Amino acid sequence: MPTTNSPYKAFATLLSSAGHPVSPAELHGLLLGRSCAGAGFDSEGWFADASILLETEPQDNVRQALIGLQEMVKGELSGEDMTVVLLLPGDDEPLAERAGALGQWCQGFLSGFGLAAGERVLSIEATEVLQDLAAIAQVQDALEESEDGESDYMEVMEYLRVAPLLLFSECVKTDAAQSQPKPSLH
């Protein structure tokens, strides 16, 4: 049964009705990217970064949606099972629309990660993940409406649910471990 009002569609409607020319996927990618790079979860920093993408200061209803999105991401990254749910169009939408949103999500993630990571030196694995995201953002139009296209889309989506966790673990958990005081040896 197709969902007529998915979270993605509801957020897209909210953004467009407020005059913000951005997709929920790109906005979610931005938030997750900056969070995985170690930006933390302060609302003001998130609003500042989101405002650049939104092209204007968000109104109260959009601010509330942004806070909700941030709380969702915070829960996903700091929860015990660390699971990422991508904000993308539902499976009942055409593959071309879902693939386009996947590319937008990758672009947003890369932007957010770049904003927060600064000059951070990354491992080879983390660098490869970022290169993969850049490649996925470029080939979004290559998926065809077919069984193989659906399969490829699902594989990429599963990869994108895991890839941010590697970056988060490297950037945020490493920072947290390094900032812990060393126990004294008496």
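Predicted model: local features only at pLDDT ≥ 70, side-chain atom pairs only at ≥ 80, totals over all residues.

Reader: How many aromatic pairs does a search of the whole structure find, and which residues do ring pairs link into a cluster?

Author: The search turns up 2 aromatic pairs. W105 and F109 are stacked, with 5.3 Å from centre to centre and 25° between the planes. F109 and F113 have their planes at 15° and their centres 6.1 Å apart, so they are stacked too. F109 is in both pairs, and the cluster is W105, F109 and F113.

Reader: Is F113 buried or exposed?

Author: F113 sits 4 residues from F109 in helix α5, about one helical turn away. Buried means under 20% relative accessible area. F113 has 4% relative accessibility, so the word is buried.

Reader: At roughly what angle do the axes of α1 and α4 cross?

Author: Start with the contact: F11, L14 and L15 in α1 meet N61, V62, A65, L66 and L69 in α4. By class, that contact has 7 nonpolar residues, 1 polar and no charged ones. The crossing is left-handed. The axes come within 10 Å, and they cross at roughly 145°.

Reader: What is phi of E55 near?

Author: Find E55 in the loop between α3 and α4. E55 is exposed, with a relative accessible area of 58%. Its phi is positive although E55 isn't a glycine, with a value near 75°.

Notes:
Residues numbered from 1 in each chain as written. Heavy atoms only, no water. Helix = DSSP H or I, 4+ residues; strand = E, 2+ residues; numbered from the N terminus. Buried < 20%, exposed > 50% of the residue type's maximum accessible area, 1.4 Å probe, protein only. Axes fitted to C-alpha atoms, helices over the stretch in contact; angles between N-to-C directions. Left-handed = near helix turned anticlockwise from the far one by under 90°. Contact = heavy atoms within 4.5 Å. Nonpolar A, V, L, I, M, F, W, Y, C, P; charged D, E, K, R; others polar. Phe/Tyr/Trp six-rings, centres within 6.5 Å; stacked < 30°, edge-to-face > 60°.
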